[in-house]
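The sequence and coordinates are shown next.

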Amino acid sequence: MTLDFYYSPLSAPCRSILLLCKNLGIELNLKEIDILGGEHLKPEFLKINYQHTIPTLVDNGFAMWESRAILAYLVEKYGKDDSLYPKDPQKRYFVNQKLYFDMGTLYQRFADYHYPVIFKKTSSYDPEAFKRMEQGVEFLNTALEGKTYVVGDNLTIADLALVATISTYDGLKFDFSKYPNVAKWYETCKKMPGYEVNQKGVDKFVEIMQSKN
């Protein structure tokens, strides 16, 4: 099989795919894209993904994007069982719900707070945006009450998406002391196979952000 993966290690959604492939033992043909340098806007990339977003995965000519959809695709096609993405409708609902929560709340609120400053659209952080970010982490803390992982006792693709986001929060010094369930789950996730690939990306992201300030 040939899996071309267009990505940036700076991106939490990209790192969630890297984590999954480490867990599944999938080898990727890595093609790093310099978003800050505008490589995603080049004609050759637009032919693959007209939305010019990363991650983008091409599986033997079949191109796809949106990280959480890619996570589900990879498990359904290459997973040895359904533990990472349960077939049971109720269990799958909870995985899907947490994937959408990551996209629409947890990751989005991180972006709403940090990206305007990172990309120089403003020089100051919005305290109201920070409160919404805190609320998102509080939602996750509540969801994790009494659980090892976000959907119970087993790791799922929802954990992979969420830990890529939470580790980016952590890289930019978000204080998790008020969210003990999140802190405990985060430490558990760090023990998964291949977690170092995520941490390397976070470290690189932090290094670049610090160089811009």
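Is Lys178 buried or exposed? Lys178 counts as exposed, at 52% relative accessibility; here buried means under 20% relative accessible area, exposed over 50%, and partly exposed in between, with a 1.4 Å probe and protein chains only.

This is a predicted model, in which local features need pLDDT of at least 70 and side-chain atom pairs count only at pLDDT 80 or more, whereas totals for chains, interfaces and linings use all residues. Residues are numbered from 1 along each chain as its sequence is written, and side-chain values use heavy atoms, with hydrogens and water left out.

**Overall fold**

The protein chain has eight helices and four strands, taken as DSSP runs (H or I of at least four residues for helices, E of at least two for strands) and numbered from the N terminus. Their order along the sequence is β-α-β-α-β-β-α-α-α-α-α-α. The radius of gyration is 17 Å, close to the 17 Å that the globule rule gives for 213 residues, so the chain is as compact as a globular protein of that length; the radius is taken over C-alpha atoms, and the rule is 2.2 Å times the number of residues to the power 0.38. Along its principal axes the C-alpha trace spans about 45 × 45 × 25 Å. Of the 213 residues, 49% are buried.

**Salt bridges**

A search of the whole structure finds seven salt bridges, each defined as a side-chain nitrogen of Lys or Arg within 4 Å of a carboxyl oxygen of Asp or Glu. Among them are the following.

| Pair | N to O distance |
|---|---|
| Lys204 and Glu32 | 3.4 Å |
| Arg92 and Glu76 | 3.1 Å |
| Lys178 and Glu134 | 3.2 Å |

Lys204 and Glu32 form a salt bridge. Lys204 belongs to helix α8 (residues 195-212) and Glu32 to strand β2 (residues 29-32), so this pair ties together parts that are 172 residues apart in sequence. Lys204 is partly exposed, at 34% relative accessible area, and Glu32 is partly exposed as well, at 44%.

The side chains of Arg92 and Glu76 also meet in a salt bridge. Arg92 is in helix α4 (residues 89-118) and Glu76 in helix α3 (residues 67-78), so the parts they tie together are 16 residues apart in sequence. Arg92 counts as buried, at 18% relative accessibility, whereas Glu76 is partly exposed, at 48%.

Lys178 pairs with Glu134. Lys178 sits in the loop between α6 (157-171) and α7 (180-189), and Glu134 in helix α5 (residues 127-143), so the pair ties together parts that are 44 residues apart in sequence.
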